[in-house]
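Have a look at the sequence and the structure first, then read on.

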Amino acid sequence: MNLSIKKIIKKYLILPGYTLFRKLPLNNDLIIFESNMGRNYSGNPKHIYEEMVKQGLDKKLKCIWILEDTNTKIPGNTLKVKRSRIKYYYYMARAKIWVFDTRDPPHIQKREQCYYIQTWHGTPLKKLGLDMDNVFMAGKEDIETYKRNIYQDSRKWDFLLSQNEFSTEIFKSAFAFSKELAPNKEIWTYGYPRNDILVNNNTKKHINKLKDDLSIPKNKKVLLYAPTWRDNEFHRRSIYKFATAMDFDLLKEKLSSDYIIIVKYHYLVMEDIDWSNYKDFVYTFGADQDIADLYLVSDMLITDYSSVMFDYSILNRPMFFFMYDLESYRDELRGFYSNVVEEIPGPISKTTEELITDIKGYDPGLYNDKYNAFRHKYNRKDNGKASKRVIDRVLELKNTDKLAAQKRLAEELKIK
């Protein structure tokens, strides 16, 4: 459909309909889930929902999943709704609880009695939100506009999920989410629901089944390569390039006798790369593949500045850091919250040759102290029960009179 026609339909039909839907009664039993702007079924929302299915709550509550592809397979009793269609606006207007892991469209206004649980999607290494000094992302005009949009969006959130105390402190400034700036908002430092399976399903039996399901060979070690995206390397707004200096020909030559490598794009990356020359060495999976399953089947992780390091460390397996652009990424593009070179529990390489040497000569004893400190700082809450903690709060919220609760809080703050 022509873009101008879409805009006309949205302006004169859908948005007025959304305004009308917002006058209908709120449904306390209606809960909406969305991950990665509807691009796939994944992340914290997925694992919160699947714990609800385990508890039979999908039969007691009306669960809606917002998706670009409504053919996506989802367990349990749920209704799949296409993003930005009339049904999407209807359910967004009626739901008591939203569970999202990325920002939603700016024209979506939340009703006062609705609760918005923002699960987010990673512990931050690189600066984000209001803490950023520059913006290079596709479609972003300037840092002031970007920060204004971040601030306005985060005002909708009622609860923000955090993996650890480190993230909690950063989120206070990155999203203006402290009690001083937002007294009615709360950060839940519960650990990440998406990591529950790394604790609960880390067994040989489960991993072998996953390898069978994913057609991963069992006679070789598995390397998982999961880099982040580069803000300044993009195709168009919210669609980024697969940016890497990795020499896959050299990797194949030096490692293919003992290893295979899984390449997992960041969810914002969309590329159509021909990997046929690396058959039986490079394995790739689409955006619909839960990366937690890939963590479990892999023996080692190769990453860069991605938050996958904070999840993978739960498994206590070797991690390698291919940071070919460390100085420019740190000093020009994003900047870091912590001294990455000092903290990360694994070797840093800037060339493929160095990476191969690090993999072949890896000595875990050299990184034990760093690894233990890393896990203590970032994984103490990841004990396999994060989903249950979130669901306990969801059940508490669904019948809560939000405005009355906020009034009570305001009175308590006055007394203090």
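## Starting at a serine

Which residues does Ser167 touch, not counting residues up to four places away in sequence? They are Thr123, Pro124 and Ser162. Keep in mind that this is a predicted model.

You'll find Ser167 in helix α5, which covers residues 165-174. Is Ser167 buried or exposed? With a relative accessible area of 0%, Ser167 is buried, because anything under 20% gets that label.

Now for the aromatic rings. The model has 31 aromatic pairs. One of them joins Phe100 and Tyr116 in an edge-to-face arrangement, with 5.4 Å from centre to centre and 75 degrees between the planes. Phe100 belongs to strand β4 (residues 95-100) and Tyr116 to strand β5 (residues 115-118), so this pair ties together parts that are 16 residues apart in sequence.

Both partners are tucked away: Phe100 counts as buried at 1% relative accessibility, and Tyr116 counts as buried at 0%. Phe100 and Tyr116 also belong to a cluster linked by ring pairs, along with Trp98, Trp120, Trp157, Phe171, Phe175 and Phe177.

## Charges over rings

The charged end of Arg155 sits over the ring of Tyr151, 4.3 Å from the ring's centre. Over at Tyr115, it's Lys402 whose charged end sits over the ring, 5.2 Å from its centre.

Methods
Residues numbered from 1 in each chain as written. Predicted model: local features only at pLDDT ≥ 70, side-chain atom pairs only at ≥ 80, totals over all residues. Heavy atoms only, no water. Phe/Tyr/Trp six-rings, centres within 6.5 Å; stacked < 30°, edge-to-face > 60°. Helix = DSSP H or I, 4+ residues; strand = E, 2+ residues; numbered from the N terminus. Buried < 20%, exposed > 50% of the residue type's maximum accessible area, 1.4 Å probe, protein only. Lys NZ or Arg CZ within 6 Å of the ring centre and 35° of its normal. Contact = heavy atoms within 4.5 Å.
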